[in-house]
Amino acid sequence: MVGKWVQQRTYYHISFERDYRSYFPVAVTVMEENKEIPKQIGDLKVGDRILIRNNEIIPADAILLKGNASVDFSFVTGESKPVDKVLGEVVYAGGRQLGEA
């Protein structure tokens, strides 16, 4: 019985049948009063300013407030060509930021 239990737990943890949330980050950096504060994704609120660095996955739909973005949406759409975003544009969750923070 113990062997069967260990086998089931092992298969559960290496299962490839995961939903999309398992690929998202657990935490993100939130900017508050010019300070970088780590925050769990579940604790994000509307209006939080998040910092997405190079090669990080965008955890929530957002509006680009600073700089330019080049976002790889291959995880969402399958298209590997990066999409350029400019100040004020909407960036969607699941894209991977390429380039500057």
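## A walk through the chain

Of the 101 residues in the chain, 21% are buried; buried means under 20% relative accessible area, exposed over 50%, and partly exposed in between (1.4 Å probe, protein chains only). This is a predicted model, in which local features need pLDDT of at least 70 and side-chain atom pairs count only at pLDDT 80 or more, while totals for chains, interfaces and linings use all residues. Residues are numbered from 1 along each chain as its sequence is written, and side-chain values use heavy atoms, with hydrogens and water left out.

Start with the overall layout. The chain holds two helices and eight strands. Helices (H or I, at least four residues) and strands (E, at least two) are DSSP runs, numbered from the N terminus. Along the sequence the pattern reads α-β-β-β-β-β-α-β-β-β. The accessible surface of the chain is about 7,800 Å², and 55% of this belongs to carbon and sulfur atoms. Accessible areas come from the Shrake-Rupley method with a 1.4 Å probe; for residues, only the protein chains shown count as cover. Contact means heavy atoms within 4.5 Å. Among contacts between residues at least 6 apart in sequence, 45% join residues at least 24 apart.

Now go to β1. Two strands pair if DSSP finds at least two bridges between them. β1 runs antiparallel to β2 (residues 35-40), and six bridges join them. V28 stands opposite K39 in β2. E32 stands opposite K35 in β2. The hairpin of β1 and β2 has two residues between the strands, and E33 takes a positive phi near 55° there. β1 also pairs with β3, again in the antiparallel sense, over three bridges. Here T29 has L51 in β3 as its bridge partner.

The largest nonpolar core has nine residues: V28, V30, I52, I58, L64, A69, V71, F73 and V91. A nonpolar core is a set of buried Ala, Val, Leu, Ile, Met, Phe, Trp, Tyr and Cys residues joined through side-chain atoms within 4.5 Å. β1 (27-32) and β5 (69-72) each supply at least two residues of this core. F73 is one of the core residues. Leaving out residues up to four places away in sequence, F73 touches G78, E79, V83, K85, Y92 and G95.

Together with I63, L65 and V90, Y92 makes a nonpolar surface patch of about 390 Å². Patches are made of residues with over 30% relative accessible area and no salt bridge: like charges are joined within 9 Å, nonpolar side chains (Val, Leu, Ile, Met, Phe, Trp, Tyr) within 5 Å. L65 sits in the loop between β4 (62-63) and β5.

Charged side chains come next. The structure holds two salt bridges. A salt bridge is a side-chain nitrogen of Lys or Arg within 4 Å of a carboxyl oxygen of Asp or Glu. E36 and R53 form one of them, at 2.6 Å from N to O. This pair links distant parts of the chain: E36 is in strand β2, R53 is in the loop between β3 (49-51) and β4, and they are 17 residues apart. E36 counts as partly exposed because its relative accessible area is 47%. R53 is partly exposed too, at 30%. D48 bridges to K39, with the closest N and O atoms 3.1 Å apart. D48 is partly exposed at 23% relative accessibility. K39 has 15% relative accessibility, so K39 counts as buried.

V46 lies in the loop between β2 and β3. Its relative accessible area is 90%, so V46 is exposed. N54 lies in the loop between β3 and β4 and is partly exposed at 47% relative accessibility. N54 and G99 are 45 residues apart along the chain, yet their C-alpha atoms are separated by 5.1 Å. Neighbours within four places aside, N54 is in contact with Q97, L98 and G99. Q97 belongs to strand β8 (residues 96-98). Q97 counts as buried because its relative accessible area is 6%. Beyond four places in sequence, the contacts of Q97 are I52, R53, N54, N55, E56, N68, A69, S70 and V71. I52, A69 and V71 are among the residues of the largest nonpolar core.
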